[in-house]
Amino acid sequence: MWPEQNTEPSPDVLPEAGGTILVVDDVPDNLAVLGVLLQPHYDVLAAPSGTRALEICAHGPVPDLILLDVMMPGMDGYEVLAHLRGQPATRDIPVIFLTALDDPRDEEQGLALGAADYITKPIHPAVVLARVRNQLEVKRAREMLHNRNLDLESEVARRMAENDMTQLVTIRALAHLAETRDPETGNHILRTQAYVRLLATRLQAHPRFQARLDPGYIELLTRSAPLHDIGKVGIPDHILLKPGPLAADEWIIMQTHSRLGAEAIELAEGDIEQPLPFLALAKEIARWHHERWDGSGYPDGLRGDEIPVSARLMAVADVFDALISDRIYKAGMSYADARKLIEAGRGLHFDPDVVDAFLSGFDAFVDIAEQHRDVHRALSSGGT
């Protein structure tokens, strides 16, 4: 038991009212002394043992601060603190150890275990009140900072989502701008976007692609894919909408859409201070999705791995969709026939491994085509 002492603090150390304090001590008189000292300013809970203290924390209101005696029978203060720190609901409660031990090593042990402060007995009321007040102020400041950080994180997340949505809408608007020049493309954007995502996902574990096709890249690739034909806005109507085969000179002009699209995206990049990864991918796709694995494509005659992965994936997606889609100058072919043509282009038009991923997941590509089928496509499209 502590010696009898004056529990009236000096006026200049009286704390602000508020907060719940749990006092833990196996000596009833000690609980009474601290209760008299603290109750004018705080809600005080008392526990005569470590076990009872943990029960109060588990089932009652979680205290704002715990004054914890070290030397108690059964579960001592160190064990109680270890239990408190092991539970999410109580691990952040500040704990002040109360002890008659005066060996500095005891204090070091308590602080090392996570105690916020250490008060030796016999207590001095002014010291107890000052340290209780300080710990509660620190706790409140920490909670205010935490709440402010949560608010800031929420605001940042909201703005990022808003910017993300703006970006997606802008991409879709630009893609639809190209569609207005070629209205028969229908849901081509939705289908090719889904094909590209599916191809990338299927190739994610492939040794040739796994270093590039991480989830972040696949997301950017999917976002960029709708801009692959943005350059068609620069093609004259008499060529773009011609209802028959293009003449040689007309075909040369049509091929410029890949270069026009890449240049338009490059101009957009020049208007911003910080590069956007999705625009870099969009530029790759727009310029090189008509390149061929054997080097016979356009506009730059790239071959093999010289062609960016993004463009190689789009090449298969774009050609497959063009084959199965109705156009003013031709009817869409069956899924089975389109499959055969893609397979025939393996190692010639297309990256062989990309074709293999397409063939092994062919039913899923057909499902995408059916899900986003153009209204005018005949129901009897030829099956798979």
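1. The expected span is 1.5 Å times one less than the number of residues. In H11, 14 of the 16 residues are buried (under 20% relative accessible area, 1.4 Å probe, protein chains only).

2. This is a predicted model: local features need pLDDT of at least 70, side-chain atom pairs count only at pLDDT 80 or more, and totals for chains, interfaces and linings use all residues. Residues are numbered from 1 along each chain as its sequence is written, and side-chain values use heavy atoms, without hydrogens and water.

3. Five strands form an open sheet in the order E2-E1-E3-E4-E5, with parallel pairing (at least two DSSP bridges between two strands). Strands E2 (43–47) and E5 (117–120) stand at the edges; each has a single partner strand, so one side of each is left without a neighbour in the sheet. Neighbouring strands are turned by 20° against each other on average, direction ignored (axes are lines fitted to C-alpha atoms).

4. Four bridges join E1 (residues 20–24) to E3 (residues 65–69). Val24 stands opposite Leu68 in E3.

5. Helix H9 (residues 248–270) reaches 34 Å from first to last C-alpha, close to the 33 Å expected. H9 bends by about 30° at Ser258 (the angle between axes fitted to the seven residues ending there and the seven starting there). Buried residues of H9 include His257, Ser258 and Gly261.

Technical notes:
Buried means under 20% relative accessible area, exposed over 50%, partly exposed in between (1.4 Å probe, protein chains only). Helices (H or I, at least four residues) and strands (E, at least two) are DSSP runs, numbered from the N terminus. Axes are lines fitted to C-alpha atoms, for helices over the stretch in contact, and angles run from 0 to 180 degrees between N-to-C directions.
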